[in-house]
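Me: I have a structure to go through with you. Can we take it step by step?

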Protein chains: 2
Amino acid sequence: MLTPNLSYANLKESYLFYHIAQRTKAWLAEHPDKHLYRMGIGDVSLPLVPAVIAALHEAVDDQSEKNRFHGYMPECGAPFLRETISEYYQKRGISLSPDEVFVSSGASDELGDILDLFDRSNRALIMEPAYPAYVDANIMAGREIVHLPSGPDNHFLPLPKEGLDADLIYLCSPNNPTGAVYNRDQLSQWIAWANARGAVILFDAAYEAFIEEDLPRSIFEIPGARTCAIEICSLSKTAGFTGTRLGYTVIPKDLERGGLNLNAMWIRNRTTKTNGISYILQRGGAAVFTEEGRKQVLGNIRIYKENARVLMAALDEAGAHYWGGKNAPYIWMQCPNGMGSWEFFDKLLGEIQVVGTPGEGFGACGEGFFRFSTFGDPADTREAAKRLLNLLRK
Amino acid sequence: MLTPNLSYANLKESYLFYHIAQRTKAWLAEHPDKHLYRMGIGDVSLPLVPAVIAALHEAVDDQSEKNRFHGYMPECGAPFLRETISEYYQKRGISLSPDEVFVSSGASDELGDILDLFDRSNRALIMEPAYPAYVDANIMAGREIVHLPSGPDNHFLPLPKEGLDADLIYLCSPNNPTGAVYNRDQLSQWIAWANARGAVILFDAAYEAFIEEDLPRSIFEIPGARTCAIEICSLSKTAGFTGTRLGYTVIPKDLERGGLNLNAMWIRNRTTKTNGISYILQRGGAAVFTEEGRKQVLGNIRIYKENARVLMAALDEAGAHYWGGKNAPYIWMQCPNGMGSWEFFDKLLGEIQVVGTPGEGFGACGEGFFRFSTFGDPADTREAAKRLLNLLRK
């Protein structure tokens, strides 16, 4: 008799964004004439940039001709893309060999897959509020989870403290959902702690492209990271690849635990469990790192940053408390008048048709907070900011 | 202290195809002027068909315009593709709801990912010779493996027998590497056995498009399969997607074990661990199932079948023993004069520059056999057949 993975029975009812989608759909069914201002799920609204589109078309053409056709790709990534990404790090002063860079289908896929490298006995440290998949993926694996809550007193940037006991450390900076960003000194503290204990840090750098101040965009800017960290990156927000899919992961060759080298383990994992990432998508991804592509994606990021500015101006004017928005594409707001997250969600949806994300969906300590994504349509964002200001002023 | 997944230490040295690639590369370095006739790895040689190319270009154009742009896709697959695939089954008399069809990045990815649904205590039954990743993925998960060897006496089609004890059953038909195909009665025996024990069958149908006789192309043609089987399919060989990547998986809603519904578990897995499959690739995949696309991919399959015919004619003329080639894209040959697999590999490489795959790489009982892929270039295949005939005649 087959035994299913019984850990699935320990998962909570449904996935946050699915839940929001259902709630929004139900409301729309009752109000079919209303336009919604969607600032809930962190999906982008701008199309792919011309340099990426051109590269994708060219790659499709390659697949149409026998002499240019690409069959199975190397499982860990096409050399042209691994080299391009290692050069991208090099330009920022980080020295990585191309075979420390692995191409992935995206950060969410990789955050799930990479857990195969770790025994289920490890304790996973999740600093909350957090992307809900961190928790769920570890519950599925039967791992014990250590929740480290954060709040306004530590600016949503928890640091190692006495008595903290965990092996697998999730760090997301710039943070989803709070928009908080660790500085070099703070990251150094986590690295020292991880190296001292033999823990491993999973550093989610999906939002690095939004940093504008002098803050670390990669954990490998910090000495000591090569012996304790894996960095998981994505083109979803950097270059609008949410529906196109591509990401990359850095696993340094210096990272060893229990006598096993994690870089070598991942090569073995990929060569067994995948046949590589689509040639077409890898060509599209490589175009992001060209001079032209880089300039174009930064143009889109500027538009999202203008969205953030518009929203922050409205919140400032209303005297609301919030975090993020500057070096991150998310604004994390304290719900007014002690309202609960889902209460505020329903109020915004019902009264001004603005859809955001209830903070409680990111962990218990997110209750009383609310996340706005700045990836929406600029006109919608301006209107939402206006409506939000009117509502909060009442 | 983090504990890595120590099961990785139980893996054998290196992956079969990687090993062949290294051995071939070393030989080529010593003989840089020689052309190789590659019939080793099962990669395709023909480009994508025009209907797929047109759909890919159109999808890329969609991603370039704000009003046609697609962000995050539904995690289990785009409705248009899930519906198209369920209609493809319907045409063959198999009734599946679109939400029993999951879009994947390809069969090899899915064969790895799907194991997350099962507890590590399950015993995995691998009928050998077999695709090496079946074994390795289960070793990585720490599962006990039951090896069920096959050979010429059972035509490489093992059946359930007394005393056989396992929970997770891998069936690959048409088979890689032997090319053997189960008939309806034989599959019914496995289904009855699995239902009686509560086992689950992972049915690898990657080569279904090559069946030309009246043999089952889906396990769901057989009554009883809906309560015990998952079918994993791929466009890699059907439509030349080895480097483009797309597949699909069928998990019937009737499949339950230990109080959990496997279809619901997989929805939960996908919504947690992925953000869906590339819109562009799903559009390309959908084109395979249109009337035009279907006609075009069958045209390519005919070319590969002609390769098979040419190779089989040479082997027949040489009086060699072999299996497959008719309903499958692989020919499984007994090495001549009691030679070992790797010995025959070296002989073919060194004397006639033909690269095949040593049977021993597919499990111990594959020793003394050799696999030829029929996906090669037609001109190369004709020359290889000629050389093979000369060599075997000596």
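Me: Ground rules before we start?

Reply: This is a predicted model, where local features need pLDDT of at least 70, side-chain atom pairs count only at pLDDT 80 or more, and totals for chains, interfaces and linings use all residues. Residues are numbered from 1 along each chain as its sequence is written, while chains are lettered from A and ligands numbered from 1 in the order in which they are written.

Me: How many helices and strands are there in chain A?

Reply: Chain A has 12 helices and 15 strands. Both are DSSP runs numbered from the N terminus: helices are H or I with at least four residues, strands are E with at least two.

Me: What is the radius of gyration of chain A?

Reply: It is 21 Å, close to the 21 Å from the globule rule for 394 residues, so chain A is as compact as a globular protein of that length. The radius is taken over C-alpha atoms, and the rule is 2.2 Å times the number of residues to the power 0.38. Along the principal axes, the C-alpha atoms of chain A fill a box of roughly 60 × 55 × 55 Å.

Me: What percentage of chain A is buried?

Reply: Buried residues are 57% of the 394. Buried means 20 or more other C-beta atoms within 10 Å of the residue's own; exposed means 12 or fewer, partly exposed is in between, and C-beta atoms are placed from the backbone.

Me: And contacts between residues at least 6 apart in sequence: what share join residues at least 24 apart?

Reply: In chain A, 73% of them do. Two residues are in contact if their C-beta atoms, placed from the backbone, lie within 7 Å.

Me: How many residues are in contact across the two chains?

Reply: 70 residues of chain A contact 70 residues of chain B. On the chain A side, H2 (50–62), H4 (107–113), H5 (132–140), H8 (262–273) and H9 (279–288) each supply at least two residues. H8(A) gives the largest share, 6 residues. By class, that side has 34 nonpolar, 23 polar and 13 charged residues. Nonpolar is Ala, Val, Leu, Ile, Met, Phe, Trp, Tyr, Cys and Pro; charged is Asp, Glu, Lys and Arg; the others, Gly among them, are polar.

Me: Why say the copies meet through the same surface?

Reply: Because 100% of the interface residues of chain A are also interface residues in chain B.

Me: Is A:Lys66 buried or exposed?

Reply: A:Lys66 is exposed, with 9 other C-beta atoms within 10 Å.

Me: Switching to helix packing. How do H10 and H12 of chain B pack?

Reply: H10(B) (291–318) and H12(B) (378–393) pack at about 10°, with axes 9 Å apart. That makes the two roughly parallel. Axes are lines fitted to C-alpha atoms, for helices over the stretch in contact, and angles run from 0 to 180 degrees between N-to-C directions. Under 35 degrees is roughly parallel, over 145 roughly antiparallel, 65 to 115 roughly perpendicular, and the rest oblique.

Me: Which residues meet there?

Reply: Among them are B:Ile303, B:Val310 and B:Leu311 from H10(B), and B:Ala385, B:Leu388 and B:Leu392 from H12(B). The contact has 10 nonpolar, 2 polar and 4 charged residues.

Me: And H2(B) against H10(B)?

Reply: Their axes come within 8 Å and cross at roughly 130°. H2(B) and H10(B) are therefore oblique to each other. B:Pro50, B:Ala51 and B:Val52 in H2(B) meet B:Glu292, B:Gly293 and B:Gln296 in H10(B).

Me: Last one. Where is B:Ser173?

Reply: In the loop between S5 (168–172) and H6 (184–197) of chain B. B:Ser173 counts as buried, with 29 C-beta neighbours inside 10 Å. Beyond four places in sequence, B:Ser173 contacts B:Val181 and B:Tyr182.

Me: And B:Leu348, buried or exposed?

Reply: B:Leu348 counts as buried, with 24 C-beta neighbours inside 10 Å. B:Leu348 lies in H11 (341–352) of chain B.
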